[in-house]
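Colleague: Could you take a close look at one part of this model for me, the charged pairs along the helices and what lies around them? Please state the cut-offs as you go.

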Amino acid sequence: PDMTQSTHNIKSKKLEEQTLRIEEEMMAEKPWKMLGEAKGTNRPSDSLLDSTPEFEVAFKPPPIITAGHTADIEEIIKKRIIEEDWDDVVPRELPDIGASKRGG
């Protein structure tokens, strides 16, 4: 390696090597599981029995209940009881849309 190479040239060369390596990996032959939808005729016989399929499931993890978390909730409840803040639903008045104008 040439000792007079700039830092930019060194980083560019590393980036180019990394890009070539990734391109080779992406273009390499993939197993049938990585090709998307595969018919039974496109894969080896009983090959699904030998593998464990992975499924992505999107869900929100439950909150971690700690003593501090419980104490915080209890303090909020106590405060709302003292302030008599019940979150009652305030009934709203429906707008008059002309029901009284109907002749009938």
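Modeller: K78 and E75 both sit in helix α2, three residues apart, which is about one turn of the helix; helices here are DSSP runs of H or I with at least four residues, strands are runs of E with at least two, and both are numbered from the N terminus. The two side chains form a salt bridge, with 4.0 Å between the closest N and O atoms, where the term requires a side-chain nitrogen of Lys or Arg within 4 Å of a carboxyl oxygen of Asp or Glu. K78 counts as partly exposed at 46% relative accessibility, and E75 counts as partly exposed at 49%; buried means under 20% relative accessible area, exposed over 50%, and partly exposed in between, with a 1.4 Å probe and protein chains only.

The model is predicted, so local features need pLDDT of at least 70 and side-chain atom pairs count only at pLDDT 80 or more, whereas totals for chains, interfaces and linings use all residues. Residues are numbered from 1 along each chain as its sequence is written, and side-chain values use heavy atoms, with hydrogens and water left out.

The structure holds three salt bridges. One of them joins the side chains of R80 and D85 at 3.9 Å, N to O; R80 is partly exposed, with a relative accessible area of 29%, and D85 is partly exposed at 35% relative accessibility. In helix α1, which covers residues 7-27, R21 and E25 are four residues apart and therefore separated by about one helical turn, and their side chains meet in a salt bridge of 3.5 Å, N to O. R21 is partly exposed, its relative accessible area being 44%, and E25 is likewise partly exposed, at 47%.

Returning to helix α2, which spans residues 67-82, I81 lies within this helix and is partly exposed, with a relative accessible area of 48%. Together with I73, I77 and W86, I81 forms a nonpolar patch on the surface, with about 400 Å² of accessible area together. Patches are made of residues with over 30% relative accessible area and no salt bridge, like charges being joined within 9 Å and nonpolar side chains (Val, Leu, Ile, Met, Phe, Trp, Tyr) within 5 Å; the accessible areas come from the Shrake-Rupley method with a 1.4 Å probe, and for residues only the protein chains shown count as cover.
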